[in-house]
Amino acid sequence: MKNEVKIQEVNPSLDSRRSFLKLSGLTLVTAGLVLAGCSDNDNDNDMQDSTLPGIKNGVFDLGSGDFGVLTYAYALEQLEADFYTKVVNASNFNSTFNDIERQVLTDLYHHEVIHRDFFKAALTGALPDPSSQLLPSLAFNYGSMNFNSRNEVLATAKALEDTGVAAYNGAGKLIKSADYLLLAGKIVSVEARHASAIRSLINPNSKDFAGDDIISTSTGLDAAKDPSKILPIAGGFITTKFTAKYLP
């Protein structure tokens with residue numbers, strides 16, 4: 001049988017903001033995404049070949065296999081949710097950004113919080129022993145970054161969103177479950193919208209939303225990077241120590 005965890009429909013005031021980004025985020029949630037924890041079924045064989053997340057030699061390790069990849073995604077979503085929470089709560093948020101910029105950044109804040117909370121709830125229901133295998137809430141440090149600086153916020157948002165898209169793209173090949181791969185595909189499509197929106201805010205009316213620096217001119221595909229390439233970048237903001245010894 002499968003233990004299934006579904007995120008309850010979230011529908012915060014559709015009339016309050018008219019951004020396509022918000023609608024895409026709501027679609028993600030109302031689609032009824034399911035993360036299934038496997039027990040006594042055919043997928044058990046895949047799980048037996050995996051290293052579950054948890055404390056290894058005194059430090060939390062993300063593990064491997066599907067649970068390892070989803071825990072890795074949960075860590076990245078914690079980072080993005082924390083960043084946008086700080087952005088929208090900065091003391092000069094309303095004066096630093098214009099109406100359109102505030103709308104986009106607020107939408108992104110809602111999306112990333114939804115993603116973070118989804119992974120937390122779903123992994124809690126799917127892991128065999130979530131009390132010891134669920135990644136704890138991480139702590140973050142952005143150094144001397146000024147959250148009241150438009151340029152600094154948008155540059156950091158661009159780096160995080162581009163990194164997030166590459167992370168999901170790179171992790172797809174590591175996922176064995178079709179259900180989990182569908183989940184990752186739905187979330188990365190939203191993250192790509194985020195990256196495009198931020199790039200358009202930085203350089204309006206340009207081709208930067210899908211620039212040659214991120215989309216291959218030969219394949220027409222976005223970047224894809226393994227966890228070993230992503231974590232050093234994200235780790236620059238994460239102060240909580242963890243390892244990823246079993247991910248490529």
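A polar contact of 2.6 Å joins the side chains of Glu77 and Tyr168; the term covers a pair of N or O atoms within 3.5 Å, where within protein one atom must be able to donate a hydrogen and the other to accept it, and residues adjacent in sequence count only if both atoms are side-chain atoms. This is a predicted model, in which local features need pLDDT of at least 70 and side-chain atom pairs count only at pLDDT 80 or more, while totals for chains, interfaces and linings use all residues. Residues are numbered from 1 along each chain as its sequence is written, and side-chain values use heavy atoms, with hydrogens and water left out.

Glu77 belongs to helix α3, residues 65-88. Helices (H or I, at least four residues) and strands (E, at least two) are DSSP runs numbered from the N terminus. Glu77 is buried yet takes part in no salt bridge, and the nearest side chain of opposite charge, that of Arg116, is 8.5 Å away. Buried means under 20% relative accessible area, exposed over 50%, and partly exposed in between, with a 1.4 Å probe and protein chains only. A salt bridge requires a side-chain nitrogen of Lys or Arg within 4 Å of a carboxyl oxygen of Asp or Glu. For charge, Lys and Arg count as positive and Asp and Glu as negative, whereas His and the chain ends are not counted. Setting aside residues up to four places away in sequence, Glu77 touches Glu112, His115, Arg116, Phe119, Tyr168, Ile187 and Glu191, contact being heavy atoms within 4.5 Å.

Arg116 has its salt bridge elsewhere: its side chain meets that of Asp117, at 2.9 Å from N to O. Arg116 counts as partly exposed because its relative accessibility is 25%, and Asp117, with a relative accessible area of 35%, is also partly exposed.

By the same rule the count comes to nine salt bridges. One of them joins the side chains of Lys173 and Asp226, again with 2.9 Å from N to O. That pair links distant parts of the chain, 53 residues apart: Lys173 is in the loop between α7 and α8 (178-202), and Asp226 is in the loop between α8 and α9 (227-234). Lys173 is exposed at 62% relative accessibility, whereas Asp226 is partly exposed at 24%. Asp212 forms a salt bridge with Lys207, the closest N and O atoms being 4.0 Å apart, and both residues are exposed. Lys158, Asp162, Arg199 and Asp213 are linked in a network of salt bridges.

Helix α7 (residues 150-171) contains Thr163, which is buried because its relative accessibility is 16%. A polar atom of the Thr163 side chain lies 2.6 Å from the backbone oxygen of Ala159. Leaving aside neighbours within four places in sequence, Thr163 is in contact with Ile230 and Ile233. The C-alpha atoms of Thr163 and Ala224 are separated by 9.1 Å, although the two residues are 61 apart along the chain.

Most residues other than glycine have a negative phi. Asn57 has a positive phi, near 55 degrees; Asn57 sits in the loop between β3 (54-56) and β4 (59-61) and is exposed, with a relative accessible area of 75%. Asn205 also has a positive phi, of about 55 degrees, although it is not a glycine. Asn205 lies in the loop between α8 and α9, and at 86% relative accessibility Asn205 counts as exposed.
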